[in-house]
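Hello,

Here is the structure I promised to pass on. Please open it first, then read my notes on a few of its helices.

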Amino acid sequence: MTKIKQKKIIFLVLCTIFAAILCRNIGREIPGRALGIVRSLLYLGLFTAWGISLRRRVMQPQAKHFLTSIAGLIVFWLLDRTIKYFFVASAAAVRYLWYGFYLPMLFIPLFAVFVAASLDKPENYRLPQWTHLLYFLAGALFLLVLSNDLHQTVFTFDPALAEWRDSGYTYGKGYYAVMGFIALCAVTALGVMISKCRGIRGRKTTWMPLLFILAAAAYAILYALYIEDHTSLLYYIAGDMTVTNCLLIAGMLESCLQTGLIPTNTGYDALFCISSVGMQITDENYHICYASDSALPLSAEVMRSTEGGEQLLDGATLLKSYPIQGGHIVWQEDVSELVRVKDELESIREELQDRNDILREQYRQDAQRYKLEEQNRLYDLVQCETQPQLQKINALASELRKTPAGSPRYQELLLRILILATYVKRRKDMIISADHSRVLSVNRLSSALRESCSNLSVGGIPCNLYLPETETLLPIDIAFAAYDLFEDALELTLDTLTYFFVTIALENGVPSLRINLECDSELTSLTRRYPNILLERDEGGWFLTQQLTRGGDSI
């Protein structure tokens, strides 16, 4: 509630009270009940509106229940009084309406105690169970008043009177019990409220409830002293004790609301305005109803765009909304720091991306260089290992260009070149394999032997092979030596070779290379390069045997 609206309400309340006082004083001079009824209606409307406002303002359920009950009892009290003085003529009815005054007189102080006990308590606070005894006691006293005609312990009437009215009576013991209960509740409520007022520190308005309490005490004293003086100012301003007490009770409780002793939901509009978050509350058509001071001015179209999701306004402000009853709430979030961090991360990402591209290109170049170096290394290694055969191929190729095509020498040169080229190819494969592994399977060696032997058919030389399928692994240098032995024996005997037989035999799991050559060539020179071979000569040629294992004098 804004201060301007609060001042308007206070002014309206004061005008209503002034009009009621004016009606009372004018009504005493003018015959009739009209002004009296108008005065009652003004007070009834005033307290009814106050009770409705309590339901809307008070947050604590316990305090809300008792405060609205007090407002209801005040309205009942005024309505009972209005009916008694303006609408009933029967003495019995007037008397029982007068008895009815004690319902609010008993329960308003009781509820004031409960309200005082609920001050500065949390929303889930509940009164202890023993307080139900106070309900029972107040109810019993009220029934005592209502049944006074039967026992006259509260009010004692003269038996000589034809009709008992609210005058011409004396007080009985029951009356003092009722007034003692009312006084005890009033003093208890007063003491609790004073203690709660003193318990609040740092508030300049905590004197307000005490002011109304002191005013009620002062009024009671002055009323007792000057009520019979119809010329006193008190009689003209506050001559109606019922209304005055109701106003003081309502003022005291309202002061507790205004000072914060009783939590209310007022002041949220001011809190909303000073909020550091820019917010607007709009209706369903995005017309602004409330806006905080830090909110940016936004058009209805911009706020409506948030229905599809959050929107980024100026690169540093994020606009969001949420539907509420009767409209929407739109708020702005400052994301400048997040945008700054995002920009920094984006800059770092681009820098890393550039660096990654450079590293990737460098890696590609290094990989290409390493590949070329490896290829050159392997080429040099193959070139070194097969240099004698390559030189022979060059010499034979030169001679082949000079030899007539179709001649026996031409065919012989072609066969030698083919045998040497096959050796170079297979030897290269073995060298490349040796670069990755230091062993070679017997099947790989058999495959090389098979391809080399297949070339002899071009020269019309019969050749048989027996090469078993086995995955037995040979040391790579043993495999190289076996294939070199095969090639050297073939090259030495090619001119006179008439039959060629190759086998790899497995004896007790140990592989051996065996070669049978039918030729007239001399092979004893092989023992100088391969001292561990077994070389045997027979009538038709030579037998070569080489174990393909390490140990002793083996290869």
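Helix H11 is mostly covered, with 15 of its 19 residues buried. This is a predicted model, so please read every value below as computed from it. H11 takes in residues 241-259. From its first C-alpha to its last, H11 reaches 27 Å. That is close to the 27 Å expected at 1.5 Å a residue. Gly260 follows H11, and the phi of Gly260 is positive, near 90°.

Helix H18 covers residues 476-493. H18 is mostly covered too: 16 of its 18 residues are buried. At 1.5 Å a residue, H18 should span 26 Å. Its end C-alpha atoms are 26 Å apart, so the two values agree.

Next, a helix pair. Two packed helices are described by the angle between their axes and the distance between the axes. H16 spans residues 408-436, and H17 spans residues 442-454. They pack at an angle of about 165°, with their axes 9 Å apart. Angles over 145 degrees count as roughly antiparallel, so H16 is roughly antiparallel to H17. Their crossing is right-handed.

Which residues make the contact between them? From H16 come Thr422, Lys425, Arg426, Asp429, Met430 and Ser433. From H17 come Arg444, Leu445, Ser447, Ala448, Glu451 and Ser452. By class, this contact has 5 charged, 4 polar and 3 nonpolar residues.

Best wishes

How values were computed: Residues are numbered from 1 along each chain as its sequence is written. This is a predicted model: local features need pLDDT of at least 70, side-chain atom pairs count only at pLDDT 80 or more; totals for chains, interfaces and linings use all residues. Side-chain values use heavy atoms; hydrogens and water are left out. Helices (H or I, at least four residues) and strands (E, at least two) are DSSP runs, numbered from the N terminus. The expected span of a helix is 1.5 Å times one less than its number of residues. Buried means under 20% relative accessible area, exposed over 50%, partly exposed in between (1.4 Å probe, protein chains only). Axes are lines fitted to C-alpha atoms, for helices over the stretch in contact, and angles run from 0 to 180 degrees between N-to-C directions. Angles under 35 degrees count as roughly parallel, over 145 as roughly antiparallel, 65 to 115 as roughly perpendicular and the rest as oblique. A crossing is left-handed if the near helix is turned anticlockwise from the far one by less than a right angle, and right-handed if clockwise. Contact means heavy atoms within 4.5 Å. Ala, Val, Leu, Ile, Met, Phe, Trp, Tyr, Cys and Pro count as nonpolar, Asp, Glu, Lys and Arg as charged, and the others, Gly among them, as polar.
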